[in-house]
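Please look through the model shown below before reading on.

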Amino acid sequence: MAGTATLNQPESPNAQAIDSIYRAVLGVTVTIFVLVGGWLVYSAIRFRERPGRTYPDPPQVRGSTQLEIGWTIVPVLILVGLSAFTFYKLPQVKDVPKGAMEVNVLAQQYGWTFTYPDGKHPAGASTLVVPVDTPIHLNMRSKDVIHDFWVEQLGQKQDVFPNKTTHTWFEAHAVGTYQGQCAEFCGPGHATMTISVQVVSKEEFRSYMAQKAIS
Amino acid sequence: MATAAITPAGNVPATRTGFRSWLTTVDHKRIGILYLLVTLFFFLTGGLMALVIRLQLETANGTVVSPDRYDQIFTMHGTTMVFLFVVPVMAAFGNYIVPLQIGARDMAFPKLNAASFWLLLFGGATMYSSFLFGSGPDTGWTAYPPLSVQSPGHGIDFWIVGLHILSISSILGAINFICTIHNMRAPGMRLTRMPLFTWCMEFYSIMILGALPVLSGALTMLLLDRNYGTHFFTASGSPILYQHLFWFFGHPEVYVVALPGFGMISEIVPVFSRKPIFGYRALVYAVAAIAFLGFVVWGHHMFATGLSAPVDAWFALASIAIAVPTGIKIFNWIGTMWMGRIRYEPPMLFAVGFILLFMIGGLSGIFLALYPIDLQVTDSYFVVAHFHYVMGSVPVFAVLGGLHYWYPKMTGRMLDRGLAIWSFWVLFVGFNMTFFPMHALGLSGMPRRIATYQAHPGWELMNQIATLGSFVLSVGVLMVAVNCLRSLRYGRIAGNDPWQANTLEWYTTSPPPPHNFDDLPPVRSERPLADLRSDAAILAVSGD
């Protein structure tokens, strides 16, 4: 289980790139919150009126152009920095590596059908079996309403539409089973539309594909 | 210079107070109170639905309600809170306060104003009546096709017609506010001397006029797709087109809600800090910038649909740009408090709480604007946490701050201070207990809008904290309700200006007479009453 302040342990290059952007933004935003929130709370306590004391009228300051310019420019610079880092990392999220294995995905209320390039399907409902350290390119379509493919440890969400094909990819670096589920509300069975991605060693995958278990 | 009497006191008609007089009233103050009562009723309704949601999710594999019923409940929770509470509650305060703040006799079109209110009630009733016919709307408040086209029964049809009625109500109200603000200001009240709440209601109205017609168009197409075999959004049509239209409305809607909340905070903070607002012009420019940017960022709700790279980049950059004017507002509020003499009356407590919570919502928005992160956390509980810190902190903290601030003006009596302070702390703790753990839930993979979830490490505990928090929050809401009802009878008499405030509504009696003002003071700045007090002080000194 991941920490409560971070994304679940990323196991694919796209998920890792997102994780690094997330951590950068978390660091910056928490710092801003501590500084500005601290300034707010300090002001709120420091300048409070205490009963039984008399105070002179506070200075009737109406503003300061220099401060206004300052607290416009500094946030702009911070945001430019965060954006630049995001765009620098973006290709690692979006670009599908060359030589990826193509898998077709059909989503429907409330399950997933995966099809390998040779037309076979993995055994088991809504289960995808793939080899480790191999880029997998998913070509996805829906039979009915909008769904969304999301296996958090393997990267970003992608909506799945009935009238056009959308794409996503992942490359799992560790053997194991990764759980995900449909992330676009698709009807009363939405909560049950889970995805299971089983990542196996390359040898195991070769023998798996040779089995008759998969149709 | 002596101020001219606006209405000779002898000509004032006797005030009628019977039940019928409320049904037929065109007085902006009474309409404001009717708006307030109806929207607070819908708030309680939406809140009860939220409690059912929280009970259902308290444990894994919850069985409090069926998935079908759950879908209807979260759909109507969202719809009710957005369309029947947070947007029209701003019209409630706008109606009551704006004419008073600008020194006007009433709204520009009093009968139209009454029509806006009754349409709100009919729109809400239309939507809810679907439950009497066997099926409530069940596709989420966003109603994405094709799901919303396939949804059986007539729940969605009732929902669409109800929303059409509500849109007309809001559009008429917006036209009325704009005409009132531009034509009925007191002598001397230039735009640059207008109270900030009134400024925010101006931009609220402009945004409603820009956004709601687009929603109405999209909903009409959806209604035709459902009932008359058109294919705007299905088959050869485009489901994504609906999302563009919906969010072209939907994102400005966020600021339609937030801006009047900002306006309330901008009224409260200077009054209780005993200083002028820091950077009046900067705040107005910031509101204008937010209103403009609000219209060009809708695509950040759609990153996961797979827009093109340049379009993604535009929506990301435009969205994070909103952080700049939002930051300016926060800095100016704190700048107003700095070196002030802060009185912790309940409105100020709510205002400080709001600034802190809204900051959390604003900062979590940066995660969602930088879209690779959005692609992980969108449609998860992280987003639910984010928009409750934004759309939820406004009504709970800014609006309740406004209610505590203006209640004495509306009723002539003060709320109980001790109870109000206690209710603030209960609300503050309950709000954070409910919504803060949702960030963690989303980060650890819990999607939104799921009726049940399987046992999952960590999810159950965080859901239980949220559920407990939602009940604490409810206790806080009840405390505010009890205080409001009790103080009607037992509250201390408020007098015209219990807070030593700045704006014209505090010049007249509490509650104001039907014609609002017997006379008006000169308006020489955005703080006519503060000017009046300093004039009196100078006179007192020179008179010795």
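This is a predicted model: local features need pLDDT of at least 70, side-chain atom pairs count only at pLDDT 80 or more; totals for chains, interfaces and linings use all residues.

Residues are numbered from 1 along each chain as its sequence is written, while chains are lettered from A and ligands numbered from 1 in the order in which they are written.

**Chain B as a whole**

- Chain B has 17 helices and zero strands; helices (H or I, at least four residues) and strands (E, at least two) are DSSP runs, numbered from the N terminus.
- The C-alpha trace of chain B spans about 80 × 50 × 50 Å along its principal axes.
- Of the 544 residues in chain B, 61% are buried. A residue is buried if 20 or more other C-beta atoms lie within 10 Å of its own, exposed if 12 or fewer, and partly exposed in between, with C-beta atoms placed from the backbone.
- Among contacts in chain B with a separation of 6 or more, 83% join residues 24 or more positions apart. Two residues are in contact if their C-beta atoms, placed from the backbone, lie within 7 Å.

**Where chain A meets chain B**

- In chain A, 66 residues are in contact with 66 residues of chain B.
- On the side of chain A that touches chain B, α1 (13-46), α2 (65-94) and β6 (158-160) each supply at least two residues, and α1(A) gives the most, with 14 residues.
- That side of chain A has 36 nonpolar, 18 polar and twelve charged residues. Ala, Val, Leu, Ile, Met, Phe, Trp, Tyr, Cys and Pro count as nonpolar, Asp, Glu, Lys and Arg as charged, and the others, Gly among them, as polar.

**Backbone details**

- Most residues other than glycine have a negative phi, and most peptide bonds are trans.
- The peptide bond from A:Gln109 to A:Tyr110 is cis, with omega near 0°; A:Tyr110 is in the loop between β1 (101-108) and β2 (111-115) of chain A.
- The peptide bond from B:Ser510 to B:Pro511 is also cis, with omega near -10°, and B:Pro511 is in the loop between α16 (459-490) and α17 (528-542) of chain B.
- A:Ser126, not a glycine, has a positive phi of about 50° and is buried, with 20 other C-beta atoms within 10 Å.
- B:Gln500 has a positive phi near 55° and counts as partly exposed, with 13 C-beta neighbours inside 10 Å.
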